[in-house]
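I have a new structure open and want to get my bearings in it. These are my notes, one topic at a time.

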Amino acid sequence: MIPIAEPDLGSEELENIIEVVKSSWISSKGRYISKFEREFSKYCEVKQGVAVSNGTVALHLVLKSMGIGKGDEVIIPSLTFIATANAVSYCNAKPIFVDSHPDYWCMDPEKIKEKISNKTRAIIPVHLYGHPCHMDTITDLADDYGLYVIEDAAEAHGAEYKGRKTGSLGTVGCFSFYGNKLITTGEGGMCVTNDEELADRMRLLRDHAMSDDNTYWHSTIGFNYRMTNLQAAIGVAQLKKIDGFIERKRKIANRYSKGLNDLIGGDLIDIHPEMSWAKCVYWMYSILLKERDNLAKVLEKKEIDTRPFFYPMHYLPPYKNNEKFHVAERLSKVGINLPSSTVLKNKDVDRIVQVIREALS
Ligand SMILES: *Cc1c(COP(=O)(O)O)cnc(C)c1O
């Protein structure tokens, strides 16, 4: 089976892990955590990094640190992974959904304004499948209404909007280092920001809100959201290779696009977009297909793994409502992720293209 995603690990990760085990600093103290925070935030062109145990809690930690809670509303795209919505719910706040943009699949910035109320506190744009959101419109709106912008960049490490890195474009950027993400620490996440006060608040809440100079004094209810030194050691090694990973992802995307481009208009509705203002990192190279589920079955028989697009949040039991989000609904029905890992060989991509071409002919 050609998997949809596979971590790209090497001897550097192993060497770092061996060093950590030998040092016995395997929990959440040790030199790799601050090193990973420093190096990853620098990579994102941001001053502060707060490493956490996964991407979901990165979002939760940010919302909590901003004081978002009961009675508040947070605007998110309907088409996203459920973690974005759940992090809002964990705070007893309410996620408010927005439709997607038909051209690049992320939240449609023109449809945000009508969702802003006097309860709105923040907007969470999600850089879906590696393509950045149109951030200027979103941050302008947030400035006008005094809202925070929290980028959910869990799928878009190193992606760029008008030459600037995702994670550096809002108040805070949240990343995931799950095994299928652009770089991985097994499980892991990070919040990056230029707001030093907010970063300090996140560090406090990450560690049960324990006072730095008064052990076991807790000023409020915090969490254990710490990353381990073992995870950070893998992260430091992964980060060294991120530019190569992105280059490979873009080459794979280019190969898929070249191989499928001429079929657009028939059963193939569209291929993974990249807007002129964007550098997409193609976390999951994706296409839109009229008979999506049929093709998924054909590919499965040929031992090629795929994933359908996410269900829109407003379809799911915890978030069900009767609003219509036509673009998100349509994308969810026709979108499919193809194998996209950096370890994929060119001949694998060519075979997948061939199978798709045959199935669609
Ligand atoms: C993966 C992902 C997350 C959550 O990350 P975890 O590390 O799995 O908790 C959040 N948002 C989006 C859009 C994701 O794809």
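**Entry 1**

I started at S211, whose side chain makes a polar contact with the side chain of D213 at 3.0 Å. By polar contact I mean a pair of N or O atoms within 3.5 Å; within protein, one must be able to donate a hydrogen and the other to accept it, and residues adjacent in sequence count only if both atoms are side-chain atoms.

Before going on, I noted that this is a predicted model, where local features need pLDDT of at least 70 and side-chain atom pairs count only at pLDDT 80 or more, while totals for chains, interfaces and linings use all residues. Residues are numbered from 1 along each chain as its sequence is written, and side-chain values use heavy atoms, with hydrogens and water left out.

Where does S211 lie? I found S211 in the loop between helix 6 (196–206) and helix 7 (229–240). Helices here are DSSP runs of H or I with at least four residues, strands are E runs of at least two, and both are numbered from the N terminus. S211 counts as buried, at 18% relative accessibility. My scale is this: buried is under 20% relative accessible area, exposed is over 50%, and partly exposed is in between, with a 1.4 Å probe and protein chains only.

Next I looked up H134, which sits in the loop between strand 4 (120–123) and helix 5 (135–145). H134 is buried too, with a relative accessible area of 18%. Its side chain makes a polar contact with the side chain of T137, at 2.7 Å. How far apart are S211 and H134 in space? From C-alpha to C-alpha I get 40 Å, and the two are 77 residues apart in sequence.

**Entry 2: the ligand**

How many residues surround the ligand? I noted 14, and the closest are G55, T56, E155, S176 and K181. I sorted the shell by type and got 4 nonpolar, 7 polar and 3 charged residues. In that sorting, Ala, Val, Leu, Ile, Met, Phe, Trp, Tyr, Cys and Pro are nonpolar, Asp, Glu, Lys and Arg are charged, and the others, Gly among them, are polar.

Which helices each supply at least two residues of the shell? They are helix 3 (55–65) and helix 4 (82–90).

Then I checked some atom pairs. A polar side-chain atom of T56 is 2.5 Å from an oxygen atom of the ligand. A polar backbone atom of G55 lies 2.7 Å from a ligand oxygen atom. On the nitrogen side, an N or O atom in the side chain of D152 is 2.8 Å from a nitrogen atom of the ligand. Taken alone, the ligand exposes 380 Å², and the protein buries 92% of that. Those areas come from the Shrake-Rupley method with a 1.4 Å probe; for residues, only the protein chains shown count as cover.

**Entry 3: cysteines**

I went looking for disulfides (pairs of cysteine sulfur atoms within 2.5 Å) and the count came to 0. C106 is in no disulfide, and its nearest cysteine sulfur, that of C133, is 4.0 Å away. C106 is buried at 1% relative accessible area, and C133 is buried at 0%.

**Entry 4: salt bridges**

Side chains of opposite charge can pair when their charged atoms come close. I counted a salt bridge when a side-chain nitrogen of Lys or Arg is within 4 Å of a carboxyl oxygen of Asp or Glu, and the total is 20.

D305 and R307 form one of them, with their closest N and O atoms 3.2 Å apart. D305 is buried at 19% relative accessibility, whereas R307 is partly exposed at 38%.

Another salt bridge joins D108 and K111, at 3.8 Å from N to O. D108 is buried at 7%, and K111 is partly exposed at 29%.

E247 pairs with K251, with 3.6 Å between the closest N and O atoms. Both are in helix 8 (residues 242–260), and because they are 4 residues apart there, about one helical turn separates them.

**Entry 5: R330**

My last stop was R330, in helix 10 (residues 326–334). R330 and P312 are 18 residues apart in sequence, and their C-alpha atoms are 9.6 Å apart in space.

Key:
A residue is near a molecule or strand if one of its heavy atoms lies within 4 Å of it.
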